[in-house]
Amino acid sequence: MRWDNHRVVITAAGRDFGRTLAIRLADLGAEIFLSARELAAAQRVRDEIRNRGHQRVHAFACDLTDPSSVRDFASSVAEHTDRVDVLINNGSRYLAGPDLLSATDADIVDTIASGATGTVLTTKSFLPLLRNSEMPDVVTMVSACGTPGHHRSDAHDAFYAAKSAQAGFAEILSKRLRPQGVRVISLYPPDFDNADPLSEEWKTTSREAKDALTAHSLVECILFAVAQPRDCFIKAFHFEQV
């Protein structure tokens, strides 16, 4: 499937899986609107993509913990386009440490605000542009930590809280936006291997049953879900953990 007619917003795309998504979807022809907390990080990824011959890519600063920053991001995107076809809520701060007392109050607030509040506010801010699309999808990178009963991660309790909030938001949003034709798709991966999409490792990393989940496979899950006919609402992808 080519994405030439898709206009895609990706949060936290300055590094890691957000960068992977931006590069891969641009390679498929999508117009990309990517953000990072620091503008310089977003611009680096934008330049990487443009150097690959894809000029329809735009970089913005967006601090998901700051409501005004989220609103400014959406307003800036609206200056370039009258619609968004896919919003990918990728941004969420990771916080390690299974001991509740190991994190500062500031770290806890930032973790929950970026993952939970940031996802809600970003979706709210971009909903008008999504409604202008004939094929709107909201994709949220949750985590296995957002699955009830999950306990196999060393992530901090605050990260679990943020991911559980994302999961609850996506669940009700899917039901409430379906009458408007907006699909809500959530991914719940465990820890996964994220090879650089511009490296040889991207092509050579083993993807057998014995291996950990890869970013390559996660990208393909998103491509598969978005490619389905509009009567097909794939709400969630859950993955076995090795």
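Arg7 is partly exposed at 22% relative accessibility, where partly exposed denotes a value between the limits for buried (under 20% relative accessible area) and exposed (over 50%), computed with a 1.4 Å probe on protein chains only. The model is predicted, so that local features require pLDDT of at least 70 and side-chain atom pairs count only at pLDDT 80 or more, whereas totals for chains, interfaces and linings use all residues. Residues are numbered from 1 along each chain as its sequence is written, and side-chain values use heavy atoms, with hydrogens and water left out.

Arg7 forms a salt bridge with Glu31, with the closest N and O atoms 3.9 Å apart; a salt bridge is defined as a side-chain nitrogen of Lys or Arg within 4 Å of a carboxyl oxygen of Asp or Glu. Because Arg7 lies in strand 1 (residues 7–10) and Glu31 in strand 2 (residues 31–36), this pair ties together parts that are 24 residues apart in sequence. Helices (H or I, at least four residues) and strands (E, at least two) are DSSP runs, numbered from the N terminus. Glu31 is buried, with a relative accessible area of 11%.

The structure holds 21 salt bridges. One of them joins Asp4 to Arg2, the closest N and O atoms being separated by 3.0 Å, and Asp4 is partly exposed at 37% relative accessibility. In another, Asp110 pairs with Arg93, again through N and O atoms whose closest approach is 3.0 Å. This pair links distant parts of the chain, 17 residues apart: Asp110 belongs to helix 4, and Arg93 to the loop between strand 4 (86–89) and helix 4. Asp110 is buried at 16% relative accessibility, while Arg93 is partly exposed with a relative accessible area of 26%. Salt bridges with shared partners join Arg37, Asp63, Arg93, Asp107 and Asp110 into one network.

Helix 4 comprises 27 residues and reaches 37 Å from its first C-alpha to its last, close to the 39 Å expected at 1.5 Å a residue; the expected span is 1.5 Å times one less than the number of residues. A bend of about 40 degrees occurs in helix 4 at Gly118, taken as the angle between axes fitted to the seven residues ending there and the seven starting there. Thr123 also lies in helix 4 (residues 105–131) and is buried, with a relative accessible area of 3%. Beyond residues up to four places away in sequence, Thr123 touches Leu87, Asn89, Val138, Phe169 and Leu173, contact meaning heavy atoms within 4.5 Å.
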